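The following account leads the reader through strand pairing and then through the packing of nonpolar side chains.

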Amino acid sequence: MKVLVVASILFVLGGSEGIALYSSPTSLRLTKRQAIDDTFGTAPKTIIYRNPRSPTDQPLQCPKPPIVQNFQPEKYLGRWFEIERFETPFQTGHCVTADYTLLSNCSIGVSNTQVLSNGTVDVAKGVAHSAGDPSQGSLTVSFPEEERQRGKVQSPGNEGNYNILATDYVNYAVVYSCSIADIRGKMMKFEFSWILARLPRVNTVFLQRLHQWLQNVGVPVERYARTQQARCKYTTA
């Protein structure tokens with residue numbers, strides 16, 4: 001049985017105020033496609049290891065934050081600017097944007113852009129589709145070019161790797177993913193999150209309140225790092 005949780009966030013973004021209200025089941029749909037790639041050993045804050053043979057280790061657990069219900073993908077389309085993110089080995093740049101477009105097969109085109117430290121503009125093209133129930137903000141995102149280069153990596157289970165915890169579509173969105181997998185005899189926890197906004201900067205009070213709400217639903221807010229969005233020359237979507 002699904003238990004509905006009604007959550008509200010008071011936000012202040014770009015001088016506007018309002019309430020974002022939504023309901024979400026406490027059931028969890030959390031993974032990350034790249035989670036079992038060997039290169040992830042370079043991100044200790046993102047990945048936690050446990051040896052299942054050790055009786056002294058506490059079992060790894062993922063928090064169970066709510067996922068947006070009555071998701072409206074057409075309102076989610078367009079450009080988002082990355083405000084904060086968990087540290088990840090596959091994303092190290094600044095001036096980060098994410099552009100979403102509706103494709104002819106009703107899936108969503110994904111274009112993630114970042115500027116690397118050497119000034120190179122790095123673009124990753126992908127496709128997103130519903131992870132199961134289209135009324136929920138739980139999506140599965142894949143990047144075909146990366147899969148051609150590395151080979152396809154299977155995620156544990158049949159779960160979404162892009163879970164929208166909160167959004168009002170016109171100001172902000174919070175994306176979260178957490179999965180636990182047994183990789184070559186080691187239990188691994190992979191945890192990622194992004195705070196996005198329609199503008200490159202957000203009000204500090206809004207961010208503090210959003211952090212408080214995220215902490216209340218179990219997301220480790222101390223892992224967020226601010227994304228540099230100053231002196232950026234953004235590409236055209």
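**Strand pairing and nonpolar cores**

Arg-79 stands opposite Asp-99, a residue of β5. This is a predicted model in which local features need pLDDT of at least 70 and side-chain atom pairs count only at pLDDT 80 or more, whereas totals for chains, interfaces and linings use all residues. Residues are numbered from 1 along each chain as its sequence is written, and side-chain values use heavy atoms, with hydrogens and water left out.

Strands are DSSP runs of E with at least two residues, numbered from the N terminus; two of them pair if DSSP finds at least two bridges between them. Strand β4 (residues 78-86) runs antiparallel to β5, to which four bridges join it. β5 is also joined to β6 by seven bridges, again in antiparallel orientation. Here Leu-102 has Ile-108 of β6 as its bridge partner. Five residues lie between the strands in the hairpin of β5 and β6, where Cys-106 takes a positive phi near 75 degrees.

A nonpolar core is a set of buried (under 20% relative accessible area, 1.4 Å probe, protein chains only) Ala, Val, Leu, Ile, Met, Phe, Trp, Tyr and Cys residues joined through side-chain atoms within 4.5 Å. The largest such core has 25 residues, and Phe-71, Tyr-76, Tyr-100, Tyr-162 and Leu-196 have the most contacts inside it. Strands that each supply at least two residues of this core include β5 (94-102), β6 (108-115) and β11 (186-197). β11 gives the largest share, five residues. A second, separate core of 21 residues includes Ala-166, Val-174, Cys-178 and Val-202.

How values were computed: Buried means under 20% relative accessible area, exposed over 50%, partly exposed in between (1.4 Å probe, protein chains only).
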